[in-house]
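Work through the exercises below with the structure open beside you, and try each task before reading its solution.

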Amino acid sequence: MNGTMMNTPLVLPSLLERAGTFYGKVEVVSRLPDRSLHRYRYADFYRRAKQLAEALQKAGLRRGDRVATLMWNHYAHLEAYFGIPAAGGVLHTVNLRLHPDDIAFIMNHAEDRFLIIDDVLVPLYEQVKGRVNLERVFVVSLTDAPVSPEYEKYEDLLATATGDFHYPQLEENEAAGMCYTSGTTGRPKGVLYSHRAIVLHSLASAMADTLAISRRDTATPVVPMFHANAWGVPFAAVMVGAKLAFPGPHLDPVSLLDLFAEERVTFTAGVPTIWLGIVQTLEKEPERWKLQPMRMVVGGSAAPEGLIRAFDRFGLRIVHAWGMTETTPLATVSHIKPTLEGLSEDEQYALRAKQGVPVPLIEARIVGDAGEAPWDGQTMGELQVRGPWVASSYYRMPENDSFTPDGWFRTGDVATIDPEGYMKITDRTKDLIKSGGEWISSVDLENALMGHPAVAEAAVFAVPHPKWQERPLAAVVPKAGIQVTEEELRAYLEPKFAKWWLPDAIVFLEEIPRTSAGKFMKAKLREQFKNWNDERDPGSPHS
Ligand code: AMP
């Protein structure tokens with residue numbers, strides 16, 4: 001027997017309408033390239049997002065057509081987030097940090113028809129324009145610089161709208177957004193987000209036990225809006241009517257701290273690198289900024305325990321979360337369950353440094369060589385997930401072994417799950433270090449090293465070894481102006497790990513190579529140090 005409830009579709013215009021109807025006075029603040037602040041209210045955002053939808057339709061946008069964006073985080077990108085899907089189009093956020101070759105590949109693969117671009121990013125587009133087939137390019141003027149007559153002005157596009165706009169009858173499984181994964185190997189793969197997935201993801205993100213985004217918040221997505229929907233923060237914030245404070249292109253610690261203080265930010269999200277920079281700045285000048293108690297979501301890479309502790313000292317709470325472009329992206333969040341509040345302080349920190357428990361409607365399992373692995377907090381296996389905002393295939397790539405025959409997505413992450421259900425990422429499958437047939441978690445070693453007061457960053461990676469197949473090597477970037485030796489770091493690690501886990505050597509670098517999304521590019525380190533053991537007489541770590 002069916003229920004008798006209505007089957008109204010879960011589509012983005014309902015979030016936009018709600019924001020326009022109930023939260024018109026709420027502010028949207030954006031830092032512009034010249035550092036000044038652009039301010040308007042949800043009423044303006046609502047009107048302009050609908051103007052954009054109407055204007056795009058007038059420009060010939062058909063249902064399902066892709067509209068690319070090359071933009072930083074600001075009000076106009078927010079308009080695109082809602083206006084493009086409201087017109088029946090697909091918002092294709094393009095990662096502006098990619099190499100022009102990859103941008104050209106992605107735009108051609110997605111068959112983007114239109115592009116909306118920040119004026120300050122036009123020089124980037126000029127490097128790809130000869131290789132792509134865009135029909136029209138609309139430039140958002142964030143500065144006073146004149147727009148080349150070769151392109152159209154975004155404001156002129158909006159001005160073609162008359163206000164007589166009716167949403168198309170959208171179905172919830174239609175695509176609303178698209179993002180290519182920024183993998184470190186192979187060609188980028190396209191993920192298509194449905195309206196339904198984004199709406200459900202927004203509801204899940206707003207839940208008290210996940211990210212708790214509410215209309216009481218002022219939210220700053222530091223994570224770029226071209227990276228997995230800025231983790232869904234703009235969608236959820238609009239759904240609940242939260243004030244938004246966008247950082248624009250200014251992602252350095254001082255600019256961000258200024259924004260947090262001036263706009264009284266209470267919720268923010270970004271990768272660990274950003275927060276490492278911020279905590280170091282705060283430690284130098286603890287009195288300079290008057291901050292609100294903030295929840296700071298950290299994902300994209302593991303949040304080291306030392307970072308969580310450091311922010312607690314400033315009354316700022318790191319919320320560790322895990323997800324992927326393919327999971328819209330929020331999939332797990334680490335909070336202490338009330339039944340675990342009796343744990344010691346150290347145990348609680350260790351739990352918060354795990355990636356956490358799946359959010360409602362997401363299921364997780366770990367799979368090893370012998371099938372599903374036990375949830376004992378020890379056994380590692382490949383993490384697999386499923387749920388209504390997890391991709392079931394890649395765009396125009398029907399065959400892919402990332403999807404199991406029984407309907408799970410293979411994340412490529414290696415994890416343990418403990419009896420309480422807390423998942424902990426121990427590696428990427430391709431970053432695993434297998435020494436003498438046993439897995440060593442590079443992430444555990446990195447986090448331990450980053451807990452040392454002299455270490456700014458550490459990456460641990462595998463180098464070939466004649467006897468053990470692979471051994472770990474650590475690359476460390478010391479904090480500015482601080483001296484530290486390999487012996488000191490080794491002595492620091494020794495009590496924490498089995499002897500055979502300890503890196504064979506610790507090398508000091510000025511910086512760790514990174515991907516466009518700010519993640520360590522361990523493939524580059526592996527390549528750079530692949531002959532390490534040819535030049536030495538490797539010892540016997542397993543004895
Ligand atoms: P992306 O699709 O670019 O967002 O990258 C997703 C990948 O980032 C995941 O598969 C993980 O390897 C990594 N990742 C995301 N969040 C975390 C986290 N909290 N801890 C460790 N790795 C993470």
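## Exercise 1: Helix 7

Helix 7 has 12 residues and spans 17 Å from its first C-alpha to its last, close to the 16 Å expected at 1.5 Å a residue; the expected span is 1.5 Å times one less than the number of residues. Helices (H or I, at least four residues) and strands (E, at least two) are DSSP runs, numbered from the N terminus. The model is a predicted one, in which local features need pLDDT of at least 70 and side-chain atom pairs count only at pLDDT 80 or more, while totals for chains, interfaces and linings use all residues. Residues are numbered from 1 along each chain as its sequence is written, and side-chain values use heavy atoms, with hydrogens and water left out.

**Task.** Find which residues of helix 7 are buried, and state what they pack against.

**Solution.** Step one is to apply the cut-offs: buried means under 20% relative accessible area, exposed over 50%, and partly exposed in between (1.4 Å probe, protein chains only). By this rule the buried residues of helix 7 are His195, Ala197, Ile198, Val199, Leu200, His201, Ser202, Ala204 and Ser205. Step two is to read the result for the helix: 9 of the 12 residues of helix 7 are buried, so helix 7 is largely enclosed by the rest of the structure. Step three is to look for the partners, where contact means heavy atoms within 4.5 Å. The buried residues of helix 7 pack against helix 1 (12–22), helix 3 (75–86), strand 8 (175–180), strand 9 (190–194), helix 8 and strand 15 (330–334).

## Exercise 2: Partners of helix 8

**Task.** Describe how helix 8 packs with helix 7, with helix 1 and with helix 3.

**Solution.** Two packed helices are described by the angle between their axes and the distance between the axes. Axes are lines fitted to C-alpha atoms, for helices over the stretch in contact, and angles run from 0 to 180 degrees between N-to-C directions. Angles under 35 degrees count as roughly parallel, over 145 as roughly antiparallel, 65 to 115 as roughly perpendicular and the rest as oblique. For the residue classes, Ala, Val, Leu, Ile, Met, Phe, Trp, Tyr, Cys and Pro count as nonpolar, Asp, Glu, Lys and Arg as charged, and the others, Gly among them, as polar.

1. Helix 7 (residues 195–206) and helix 8 (residues 233–240) pack at about 75° with their axes 9 Å apart, and are therefore roughly perpendicular to each other. Ile198, Ser202, Leu203, Ser205 and Ala206 of helix 7 meet Phe235, Ala236, Met239 and Val240 of helix 8; the residues of this contact divide into 7 nonpolar, 2 polar and no charged.
2. The axes of helix 1 and helix 8 come within 7 Å and cross at roughly 50°, and the two helices are therefore oblique to each other. Leu12, Leu15, Arg18 and Ala19 of helix 1 touch Phe235, Val238, Met239 and Val240 of helix 8, giving 7 nonpolar, no polar and 1 charged residues.
3. The axes of helix 3 and helix 8 come within 11 Å and cross at roughly 80°, and these helices are therefore roughly perpendicular to each other. Leu78, Tyr81 and Phe82 of helix 3 are in contact with Pro234, Phe235 and Val238 of helix 8, and by class there are 6 nonpolar, no polar and no charged residues.

## Exercise 3: Helix 11

**Task.** Which residues of helix 11 are buried, and why are they said to line one face of the helix?

**Solution.** In helix 11 (residues 305–312), Leu307, Ile308, Ala310 and Phe311 are buried. Seen down the axis of helix 11, these residues fall within an arc of 165°, so they line one face of the helix; the arc is that of the directions from the helix axis to the C-beta atoms. They pack against helix 10 (272–284), strand 13 (295–298), strand 14 (317–323) and helix 12 (345–352).

## Exercise 4: A loop residue

**Task.** Is asparagine 229 buried or exposed, and what does asparagine 229 contact?

**Solution.** Asparagine 229 lies in the loop between strand 10 (218–221) and helix 8. With a relative accessible area of 2%, asparagine 229 is buried. Leaving aside neighbours within four places in sequence, asparagine 229 is in contact with Tyr81, Tyr193, Pro234, Phe235 and Thr328. One of these contacts, threonine 328, is joined to proline 329 by a cis peptide bond, with omega near 5°.
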